[in-house]
Amino acid sequence: MKKTFSAVRRRRARSLSPDSSSNTPRSLWRNCCDSPTNKENERAIKRLRVRLSSRFSAADEAEPGRTWRQHRSDPEEDTSLSRETSAVDPVAAARFSQLRSRRKAPPTHVTQDAVTDLALIGDFSKQHLLPVESGGHQELHCVSAHTVASLIRGQFGPAVEDFLIIDCRYPYEYQGGHIKGAVNLYTESQIQQAVHQASAGAQVSPRNASSWRMRMKGRLSDSLPEEEGSSPRKLIIFHCEFSSERGPHLCQYLRRLDRQANVYPSLHYPELYLLLGGYKHFHASYPDLCDPCGYVPMRHREYRDQLHGYRRKRPTRQQRRRPTIRVHQRTTR
């Protein structure tokens, strides 16, 4: 028995030796796997397998009978989704037209102190009306759910002329429950079209666009006194599910569009806010201000195929760097 074990150890040592000329399958297999080229190829294959599995697992689970190639190359599905993601609600476009600032004399010279003062609005003409909270986005001005609820209930009185809440979640999330009066704009194309139509002077019928503002004016209570010498404000509030990605991105995109369409520092939409905590936190705090009173998470298992489709239509990071402007550019900076 000892001789047998020693013989096995000698054969194994010869097969693992670099100078070994053995042509046994084990030595060939070890030499092949130990080469740097094969190790790099193996790591690349593993990375590719992870990317493919994460990209097409949702589609395969939703429709087991379809391959990933059939899912990606469905022209009817891609066409319908493109129309849906590019369409803009006429009421939302008209609300953008109403929210345009009509300030005729913006400051012509801005000091460096004013640019670095985070308490000032986008055109540096005045301070923010709503109390700003500290959040994860330093370049944006966040407001709490309590502030938005007070705004909806009319507690800011004549200090606010009009406001718009933009829900940046996907349609199935918006239809499952949203803040009262919010409009659903969730792509850069929709924001761009709304701004373009507003700049072209698009009007809205009084029955549709003015109904929300008239209802809010009819429910004014506990209004705050308006500051002397100040004009009523027009506010836009963005949010998504958590206000961590989609809402902040579209808020910054609107500001870039506005900057490139005006002479610095003038803006059509100078006062932009981000709802801290997103719709999830607002729904948990004020369900009575949601219509319908529901909450559908973005990753809900019943909407996996829709989530996959909307994400495929999102622009890449390279495409997000600079927006394509249709309106006349008058940028000086």
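In helix H13 (residues 278–285), the buried residues include Gly-278, Tyr-279, Phe-282 and His-283; buried here means under 20% relative accessible area, with a 1.4 Å probe and protein chains only. They cover an arc of only 145° around the axis, which puts them on the same side of H13, the arc being that of the directions from the helix axis to the C-beta atoms. An α-helix has 3.6 residues a turn, so residues three or four places apart point the same way. The buried residues of H13 pack against helix H8 (145–152), E4 and E5, where contact means heavy atoms within 4.5 Å.

The model is predicted, so local features need pLDDT of at least 70 and side-chain atom pairs count only at pLDDT 80 or more, while totals for chains, interfaces and linings use all residues. Residues are numbered from 1 along each chain as its sequence is written, and side-chain values use heavy atoms, leaving out hydrogens and water. Helices (H or I, at least four residues) and strands (E, at least two) are DSSP runs, numbered from the N terminus.

Strand E4 (residues 233–239) is mostly covered, with 7 of its 7 residues buried. Arg-233, Leu-235, Ile-237 and His-239 point one way from E4, and Lys-234, Ile-236 and Phe-238 point the other way. In a regular strand the side chains alternate between the two faces of the sheet.

E4 runs parallel to strand E2 (residues 160–167), joined by 7 bridges; pairing requires at least two DSSP bridges between two strands. Asp-162 stands opposite Lys-234 in E4. E4 also pairs with strand E5 (residues 272–275) in the parallel sense, over 3 bridges, and Phe-238 stands opposite Leu-274 in E5.

Conventions:
Buried means under 20% relative accessible area, exposed over 50%, partly exposed in between (1.4 Å probe, protein chains only).
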